[in-house]
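Biologist: Hi! Could you walk me through this model? Let's start with the terms you use.

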Amino acid sequence: MDHTQALSPVQDSPAPGHRAWPAGGFTSAPYWAYSDPAVYAREMEAIFRGKSWHYLGLEAEVPEPGSYKTTYIGQDNVLLTRAEDGSLNAMLNRCAHRGNMVCREAFGKAQKLHCVYHSWNYNLKGDLTFVAFRNGLKGEGGLPKDFDLAEHGLRKLRVASFCGVVFATFRDDTPPLEDWLGAVGEGIRRVCNRPLKVLGYDTQRIHANWKAYHENPRDSYHANILHTFYGTFGLSRQSQESGMVLDDAGRHVYFYTKAGTEKQSADYKETADALRSHNQGMTLEDPGILKWRDEFGDGVSVQILSTYPSFVLHQIANSLCTRQLLPKGPNQCDLVWTYFGFADDDAETERLRLAQMNLAGSAGMVSV
Ligand code: FES
């Protein structure tokens, strides 16, 4: 695996002598890599503004011409819009004039993007269309005669959608999204196989470096040990049929398990006897939340997919959700959970998904 692209900015960061990377190479990450403000600043530039695709949201969140959403890539506030021609557009949410935030709502609908500070206007693709008093007043003031609106739009990002999941990148030389996702794209295609419908949101602040969270959904070792709910109620156990898929560069991953496929073995029993999840005798007053339908027809009860550096897609039974990781300084990050179903779900299926929203999320029964 080539980790050079992902890790060299960190490894090369200017640091005092005692901050040299340990001899163990990439398998021995020092704790300062998770707390040093200089490392964090390099990550924002080299990773979040670098050659990577970053999740912005679902197409279903900007369904009509004029719909917009504000979000973040790293710590940059970003706008996702649907223009009159139906195209998706992404741009920095920062006025070209004095840097004011242009759209202040999380979601909205507009015919144009209007900066309140001095009333510069942009179209939904980020092109500057109007400057107040551009020619001054009564022959005095105004902008230079050669001021060209076309040169002063919002900073545009490359945007691409894969199965209704929208990503953007700052760089022109980032490979096309589908190539970049590689084999892991199949895990997105499997879940997002028809028009989506947003069901709700949950946001939590995590008091840890963003990388500590990012490592978590790709650490399949912990899943069925820490999350006792999985093992106790059989949604996911090490003894079940399972698998893991990585892209060629080892940046992205998804793993899956199939409920009801337990195969007992002596080495599994040895560990299972020590697991909390197998020893609690816990039951649910209402086991309805455990009823799940094999809606994708492959028996997979849990699929956790993670793309570098900050996107997660989960299927836990019939709970479907994206998770967007937003760094907020070296020692904290936000995690935005967007639960969704399909536009053609019947009422009963939607009720099931809403009930199973309680499995994950900041207060979910699995997460807790
Ligand atoms: S800062 Fe936006 S119009 Fe002046």
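Modeller: Happy to! Two strands count as paired if DSSP finds at least two bridges between them. Helices (H or I, at least four residues) and strands (E, at least two) are DSSP runs, numbered from the N terminus. Please keep in mind that this is a predicted model, where local features need pLDDT of at least 70 and side-chain atom pairs count only at pLDDT 80 or more, while totals for chains, interfaces and linings use all residues. Residues are numbered from 1 along each chain as its sequence is written, and side-chain values use heavy atoms, with hydrogens and water left out.

Biologist: Great. Which residue in β9 does Met91 stand opposite?

Modeller: That's Lys156. Strand β4 (residues 88-92) and β9 are joined by 2 bridges and run antiparallel.

Biologist: And how many bridges are there between β9 and β10?

Modeller: There are 5, again in the antiparallel sense. Ala160 is opposite Phe167 of β10. The two strands make a hairpin with 2 residues between them, and Cys163 in that turn has a positive phi of about 55°.

Biologist: Let's switch to domains. What does the assignment give for the protein chain?

Modeller: Domain 1 covers 57-169, and domain 2 covers 177-281 + 290-356; such bounds come from an automatic or database domain assignment. Their C-alpha centres are 34 Å apart. Counting contact as heavy atoms within 4.5 Å, domain 1 brings 14 residues and domain 2 brings 20.

Biologist: How much area is buried between domain 1 and domain 2?

Modeller: About 1,500 Å², with carbon and sulfur atoms giving 73% of that. Buried area here is the accessible area (1.4 Å probe) that two parts lose on being put together, summed over both. On the domain 1 side, Leu58, Phe162 and Phe167 supply 40% of what that domain buries against domain 2, more than any other three residues.

Biologist: How many salt bridges and polar contacts are there between the domains?

Modeller: For salt bridges (a side-chain nitrogen of Lys or Arg within 4 Å of a carboxyl oxygen of Asp or Glu), the count between domain 1 and domain 2 is 0. There are 4 residue pairs in polar contact, both residues being at pLDDT 80 or more. A polar contact is a pair of N or O atoms within 3.5 Å; within protein, one must be able to donate a hydrogen and the other to accept it, and residues adjacent in sequence count only if both atoms are side-chain atoms.

Biologist: Which elements give two or more residues to the domain 1 side?

Modeller: Those are β2 (67-73), β9 (156-162) and β10 (165-169). The largest share, 3 residues, comes from β9.

Biologist: Nice. What is the strand order in the open sheet of 3 strands?

Modeller: The order is β6-β7-β8, with antiparallel pairing. The edge strands, each pairing on one side only, are β6 (113-114) and β8 (128-130). His114 has Asn121 of β7 as its bridge partner. Ser119 sits in the loop between β6 and β7, and its phi is near 65°, a positive value in a residue other than glycine.

Biologist: Last one: where is Pro309 found?

Modeller: In the loop between β14 (302-307) and β15 (311-316). A cis peptide bond joins Tyr308 to Pro309, with omega about 0°.
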